[in-house]
Amino acid sequence: GEVRALLAQAEAKVEAGERSAADRLVGDAYLEHFEKVEGPLEEKNHELMEELEQQIATELRDEIKAGAPPAKVARLVDEVEAGLDKAEALLGQS
């Protein structure tokens with residue numbers, strides 16, 4: 001839930017042109033929240049864990065820093081959220 005909330009805030013910051021703030025929010029989403037479930041998720045589905053890690057920690061942050069259009073950032077956030085849906089199902093969370 002916290003990862004989703006921070007990604008939504010980051011998406012809003014990109015829309016507002018506040019890319020540094022958006023990058024910090026995505027970093028926090030990864031470091032403060034996603035990392036806590038990496039171990040359990042890796043045990044259930046290593047590939048999904050690596051995919052989400054790559055999308056959040058690298059792709060999304062790189063696109064924000066590179067000045068990608070808000071629509072592209074929104075698509076990436078949607079992809080991450082779809083992966084989070086799968087992760088939550090595997091980990092038995094909602």
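Modeller: What follows is a set of questions and answers about this predicted model.

Biologist: Let's begin with the whole chain. What elements does the chain have, and how do they run from the N terminus?

Modeller: There are four helices and zero strands, in the order α-α-α-α.

Biologist: What makes the chain as compact as a globular protein of that length?

Modeller: For 94 residues the globule rule gives 12 Å, and the radius of gyration is 13 Å, close to that value, so the chain passes as compact. Its C-alpha trace spans about 40 × 20 × 20 Å along the principal axes, and 36% of the residues count as buried.

Biologist: On to the charged pairs. Why are arginine 4 and aspartate 85 called a salt bridge?

Modeller: The cut-off is 4 Å between a side-chain nitrogen of Lys or Arg and a carboxyl oxygen of Asp or Glu. Here the closest N and O atoms are 2.5 Å apart, so the pair qualifies. Arginine 4 sits in helix α1 (residues 2-15) and aspartate 85 in helix α4 (residues 70-91), 81 residues apart.

Biologist: Is aspartate 85 buried or partly exposed, and how do you know that?

Modeller: Its relative accessibility is 44%. Buried means under 20% and exposed means over 50%, so aspartate 85 counts as partly exposed.

Biologist: What other salt bridge does arginine 4 form?

Modeller: Arginine 4 also meets glutamate 88, at 3.1 Å from N to O. Glutamate 88 is in helix α4, 84 residues from arginine 4. Both arginine 4 and glutamate 88 are buried.

Biologist: And what makes you say that aspartate 23 and arginine 61 tie together separate parts of the chain?

Modeller: First, the bridge itself: the closest N and O atoms of aspartate 23 and arginine 61 are 2.7 Å apart. Aspartate 23 lies in helix α2 (residues 19-44) and arginine 61 in helix α3 (residues 46-66), so the pair joins parts 38 residues apart in sequence. Salt bridges with shared partners also join Arg4, Asp85 and Glu88 into one network. A search of the whole structure finds five salt bridges.

Biologist: Let's turn to α3. How do you know that its span agrees with its number of residues?

Modeller: At 1.5 Å a residue, the 21 residues of α3 should span 30 Å, and the end C-alpha atoms are 29 Å apart, which agrees. Still, α3 bends by about 40 degrees at glutamine 55.

Biologist: What happens at the start of α3, and what follows α3?

Modeller: At the start, a side-chain oxygen of asparagine 45 comes within 3.3 Å of the backbone nitrogen of glutamate 47. After α3 comes glycine 67, with a positive phi near 85 degrees.

Biologist: Why is leucine 48 called buried?

Modeller: Its relative accessible area is 6%, and the limit is under 20%, so leucine 48 is buried. Beyond its neighbours within four places in sequence, leucine 48 touches Leu41, Gly83, Lys86, Ala87 and Leu90.

Biologist: Which residues of α3 are buried, and what covers them?

Modeller: They are Leu48, Met49, Leu52, Gln55, Ile56, Leu60 and Ile64. The cover includes α1, α2 and α4.

Terms used: Residues numbered from 1 in each chain as written. Predicted model: local features only at pLDDT ≥ 70, side-chain atom pairs only at ≥ 80, totals over all residues. Heavy atoms only, no water. Helix = DSSP H or I, 4+ residues; strand = E, 2+ residues; numbered from the N terminus. Buried < 20%, exposed > 50% of the residue type's maximum accessible area, 1.4 Å probe, protein only. Contact = heavy atoms within 4.5 Å. Expected span 1.5 Å × (residues − 1). Bend = angle between axes of the 7 residues up to and from the residue. Polar contact = N/O pair within 3.5 Å; in protein donor to acceptor, adjacent residues only side chain to side chain. Rg over C-alpha atoms; globule rule 2.2 N^0.38 Å.
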